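This briefing goes through one protein chain by topic, from overall fold to individual residues. Please keep the sequence and the coordinates at hand while reading.

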Amino acid sequence: MSPSSLSELIEEQLTLAHATDSGRSARTVYGGAGRPLRQTLLVLVAGRALEEHASPGAATLQVLRGRVRLVADDRSWTGVTGDLLPIPDARHALHADEDSAVLLTVALG
């Protein structure tokens, strides 16, 4: 394993997100197949969202930059830089109120 600069990765992914129609970009920074943990850096441009999708299982979002809203059913949680949001065991969406970067951590198996 080699160390990663999340600050550099955020800048890189934010540039990519601004260049896409979807306004988002993501990169797995640790783990994945054959490992018990996966961490993915996800960047959303202000006003963009990850539309409603299924829960990945046990997971958290750490807000590294910006302001996001995690929405599930009729509930909503706001996260700002430094916050840690548990992902509910339900379909949910993520909205960026400003250019934002989150670290999604998912327990695999």
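A residue is called buried here when its relative accessible area is under 20%, exposed when that area is over 50%, and partly exposed in between. By that criterion, 35% of the 109 residues of the chain count as buried. The model is predicted, and its local features are reported for residues with a pLDDT of at least 70.

**Fold and dimensions**

- The chain contains 1 helix and 9 strands, and reading along the sequence gives the order α-β-β-β-β-β-β-β-β-β.
- The radius of gyration of the chain is 13 Å, which agrees with the value near 13 Å that a compact globule of 109 residues would have.
- When contacts between residues at least 6 apart in sequence are considered, 62% of them join residues that are at least 24 apart.

**Surface and charge**

- The accessible surface of the chain comes to about 6,100 Å², and carbon and sulfur atoms account for 49% of that area.
- There are 10 positive and 13 negative side chains in the chain, with the centres of the two sets lying 4 Å apart.

**Nonpolar cores**

- In soluble globular proteins, nonpolar side chains tend to be buried together.
- The largest nonpolar core of this chain has 14 residues, of which L61, V68, L94 and V102 touch the most other members.
- At least two residues of this core are supplied by each of the strands β2 (37-44), β4 (59-65), β5 (67-72), β8 (92-96) and β9 (100-107), while the most come from β4, which gives 3 residues.
- Once its neighbours within four places in sequence are left aside, L61 is in contact with L70, D83, L84, L85, I87, L94, V102, L103 and L104.

**A closer look at Y30**

- Y30 belongs to strand β1, which covers residues 24-31.
- The relative accessible area of Y30 is 30%, a value between the 20% and 50% limits, and therefore this residue is classed as partly exposed.
- Y30 and A96 are 66 residues apart along the chain, and their C-alpha atoms are separated by 23 Å.

Technical notes: Residues are numbered from 1 along each chain as its sequence is written. This is a predicted model: local features need pLDDT of at least 70, side-chain atom pairs count only at pLDDT 80 or more; totals for chains, interfaces and linings use all residues. Side-chain values use heavy atoms; hydrogens and water are left out. Helices (H or I, at least four residues) and strands (E, at least two) are DSSP runs, numbered from the N terminus. The radius of gyration is taken over C-alpha atoms; the globule rule is 2.2 Å times the number of residues to the power 0.38. Buried means under 20% relative accessible area, exposed over 50%, partly exposed in between (1.4 Å probe, protein chains only). Contact means heavy atoms within 4.5 Å. Accessible areas come from the Shrake-Rupley method with a 1.4 Å probe; for residues, only the protein chains shown count as cover. Lys and Arg count as positive and Asp and Glu as negative; His and the chain ends are not counted. The place of a charge is taken as NZ of Lys, CZ of Arg, CG of Asp or CD of Glu. A nonpolar core is a set of buried Ala, Val, Leu, Ile, Met, Phe, Trp, Tyr and Cys residues joined through side-chain atoms within 4.5 Å.
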